[in-house]
Amino acid sequence: MPTSPDLEEADAAPLSTPSNPGSAVRLDPRTILITGASSGIGRALATSYAQRGTTLILIGRDAQRLAESAAECRALGATVEAAAIDVRNIETLRAFILSMDDRHSIDLVIANAGVSAVLSQGEIIESPETTTSIFEINVFGVVNLVQAVVPRMCARGKGQIALMGSMAALRGLPYAPAYCATKSAVHLYAESLRPSLGKHGVSVALIIPGFVHTPFNARLSSPKPLAFSAGRAAAIIRRGLQEGKREIVFPRLLYLLIRAGSLLPGRLVDALLNRIPVEAPPMPTPPPGT
Ligand SMILES: NC(=O)c1ccc[n+]([C@@H]2O[C@H](COP(=O)([O-])OP(=O)(O)OC[C@H]3O[C@@H](n4cnc5c(N)ncnc54)[C@H](OP(=O)(O)O)[C@@H]3O)[C@@H](O)[C@H]2O)c1
């Protein structure tokens, strides 16, 4: 099924909540770490931040695609450090982040890396292996990153952490139970971290996108209402982070529709969701972290 075109600017305005109170947000971060920078939104974010005077620390798994992202950012004038690391590998991830922080003092961390699995017609639930991988990457990958950077940022009394959530966290979807559950965990993690880290000058932003055209959902054949391009999503995220927003939500219309849907009887919403035609090729189980 064809996807919807981008909204007009007026309709597409992100829904952002007010700035983190009491936090020392650096509006012009010079050193930015992005996970999942080898593809999609992460790569678009990297190129969006790439400019002379900026240091980008890029993490992904696919070394070839990560090198292409890094080359693109260097061509735009940025200093780039890139490492092919699986975010599940806590030791390697932590050692790399600390060595980068020693050299560059990280201002902004964007925990963007994530995976999904979508049930095809006839499939009832994800396999145990797939479910475990999704939770390990989407939840523990984020936790591993946050735990590595928080002590340093809090000791400095400044820093910004952005976690990639999803509108799939707002209402469970019958075709992606594990994915929805992991993003819901990310939302509550961000909410829970924000007050305590804020006391130490570190702000926490939660990014809540609807559909974004990336390889992530290209394999999903379903309606993708109000889908954005990755470049446009990156521009909205960057602006929201510069303004120190607590939550960066886009597109607003989809968010409001989902919120309004929560007022309907749950059984009715379940029945409507079951009628959405969703097709996806069987999901290969992501290899275990190395
Ligand atoms: N696209 C959407 O419609 C949408 C909507 C809401 C939220 N999101 C969220 O946005 C984030 C980025 O998604 P995307 O659409 O840009 O997808 P994408 O194009 O598939 O990119 C995902 C990125 O995550 C990286 N990644 C996956 N597993 C990893 C691991 N174990 N260790 C390190 N890196 C890993 C991938 O690296 P390699 O390719 O190198 O393995 C890739 O760079 C995800 O958290 C997703 O949940 C996406």
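1. Which helices each supply at least two residues of the shell around the ligand? They are α1 (40-49), α4 (128-156) and α6 (215-218), where helices are DSSP runs of H or I with at least four residues, strands are runs of E with at least two, and both are numbered from the N terminus.

2. The model is a predicted one, in which local features need pLDDT of at least 70 and side-chain atom pairs count only at pLDDT 80 or more, while totals for chains, interfaces and linings use all residues. Residues are numbered from 1 along each chain as its sequence is written.

3. The ligand is surrounded by 30 residues, the closest being Gly36, Gly40, Asp62, Gly114 and Phe216; a residue is near a molecule if its C-beta atom, placed from the backbone, lies within 6 Å of it.

4. The protein chain holds nine helices and ten strands, and 43% of its 290 residues count as buried, that is, with 20 or more other C-beta atoms within 10 Å of their own, whereas 12 or fewer make a residue exposed and values in between make it partly exposed, with C-beta atoms placed from the backbone.

5. In helix α3 (residues 90-104), the buried residues are Leu93, Ile97, Met100 and Asp101. Seen down the axis of α3, these fall within an arc of 100°, so they line one face of the helix, the arc being that of the directions from the helix axis to the C-beta atoms. Exposed on the other side of α3 are Glu91, Ser99, Asp102 and Arg103.

6. Just after α3, serine 105 adopts a positive phi of about 55°.
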